[in-house]
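Keep the structure open as you read.

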Amino acid sequence: MLREDTQNPVIGWCRQALRFVLPVECLTCGNSLSTDPVPFFCRSCWHTIRRLQQPTCASCDQPFVSSAATANSPNHRCWHCQERPPSFERAWTLFPYLPPLREAICSFKYQRKYALARPLARLMISALPSGIEVDTIIPVPLHPTRLRSREFNQSLLLADQLSRHLAKPVSATQLVRSSATVPQTTLTRQERLRNLRNAFEVRRPQDLKEKRILLVDDVFTTGTTLNECAKSLRNAGSGPVFALTLARTVDSDLVPDRLLAEQATQSLPAIGI
Ligand SMILES: [Zn+2]
Ligand SMILES: [Zn+2]
């Protein structure tokens with residue numbers, strides 16, 4: 001819909017008039033915004049967002065440092081997935097969680113900049129892998145306590161736009177977070193696992209019997225949350241579970257991811273908006 005926004009003169013005039021009264025600066029570079037199509041970001045910064053580079057794990061999409069990893073084995077899995085096969089069939093992680101996307105997701109999620117929901121969803125849709133065949137889309141749920149304090153579930157807003165694009169129903173009530181957990185961001189992989197064990201429940205499992213599910217979330221860090229969701233769904237009798245996240249954290253201490261991120265910013269074509 002970004003393209004529609006830029007082509008609709010009324011929306012463009014209103015936005016320019018509003019920015020004349022209330023000047024807004026790009027959250028990444030600080031330059032004043034004018035006719036830039038994405039709220040809070042200038043066109044130049046937004047154009048630096050690049051698709052996560054191949055080759056990646058055939059199961060969780062973890063980037064590999066070398067194309068040799070998949071040269072003779074296109075379905076090669078990372079050691080995490082080999083050691084502990086995930087409950088999801090396949091996870092797609094579309095963009096590195098780096099500026100300006102990181103600022104956009106944080107502003108959307110924590111500062112209630114709802115106007116970013118649509119551009120972020122469009123970004124997700126612009127990079128969708130081909131051949132997604134699912135019956136139901138389910139956003140990763142928040143615990144009611146966190147939902148009350150945040151007032152919205154960012155994954156549901158993304159899933160809702162995706163549902164319109166794929167023409168598949170979205171369900172925000174069948175998978176619930178039944179126990180309040182501490183935020184995952186400060187925890188190690190093992191702590192995340194303990195923190196989330198049995199945190200999710202499936203309501204009306206008969207409705208999901210053998211259904212192919214697409215889980216949607218904003219950020220993939222270790223995949224623990226998605227894996228626990230997928231495990232609950234499979235235990236409740238669902239069909240295969242797939243996962244889609246807009247961004248994936250890249251660890252700057254790890255050479256492979258850092259190299260991939262640098263390669264991505266230097267060589268890949270810009271994502272059209
Ligand atoms: Zn900028
Ligand atoms: Zn993997």
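H9 lies across S2, S5 and S6, and runs at about 130° to S5. Helix H11, residues 224-235, also packs on the sheet, but this helix touches S1, S5 and S6. The direction of H11 makes about 165° with that of S5, and an angle over 145 counts as roughly antiparallel. Bear in mind throughout that this is a predicted model.

Now for the sheet itself. Follow the four strands across in the order S1-S6-S5-S2 and you have an open sheet with parallel pairing. S1 and S2 are the edge strands, each pairing on one side only. From one strand to the next, the twist averages 20°.

On one side, seven bridges join S5 to S6 (residues 241-248), the two running parallel; here Phe220 stands opposite Arg248 in S6. S5 is also joined to S2 by four bridges, again parallel, and Val216 in S5 is the bridge partner of Pro139.

Stay with S2 for a moment. In a regular strand, side chains alternate between the two faces of the sheet. So is each side of S2, residues 136-139, buried or exposed? Both faces are covered: Thr136 and Ile138 are buried on one side, and Ile137 and Pro139 are buried on the other.

H7 brings Ala117, Arg118, Leu120, Ala121, Met124 and Ile125 to the contact, while H9 supplies Leu157, Leu158, Gln161, Leu162 and His165.

Ala167, in the loop between H9 and strand S3 (175-177), has a positive phi of about 55° although it isn't a glycine. Phe40 is another non-glycine with a positive phi, in this case about 75°, and its place is in the loop between helix H2 (9-21) and H3. What are the surroundings of these two like? Phe40 has 23 C-beta neighbours inside 10 Å and therefore counts as buried, since the cut-off for buried is 20 or more. Ala167 has 6 such neighbours, so it counts as exposed; the limit there is 12 or fewer.

The loops hold a couple of cis peptide bonds too. One runs from Gln54 to Pro55, with omega near 0°; look for Pro55 in the loop between helix H3 (43-46) and helix H4 (68-71). Another joins Pro99 and Pro100, with omega about 0°. Pro100 is in the loop between strand S1 (90-96) and helix H6 (101-110).

Finally, zoom out. The protein chain has twelve helices and six strands, and buried residues make up 36% of its 273 residues. Among contacts between residues at least 6 apart in sequence, 71% join residues at least 24 apart.

How values were computed:
Residues are numbered from 1 along each chain as its sequence is written. Chains are lettered from A and ligands numbered from 1 in the order in which they are written. This is a predicted model: local features need pLDDT of at least 70, side-chain atom pairs count only at pLDDT 80 or more; totals for chains, interfaces and linings use all residues. Two residues are in contact if their C-beta atoms, placed from the backbone, lie within 7 Å. Two strands pair if DSSP finds at least two bridges between them. Axes are lines fitted to C-alpha atoms, for helices over the stretch in contact, and angles run from 0 to 180 degrees between N-to-C directions.
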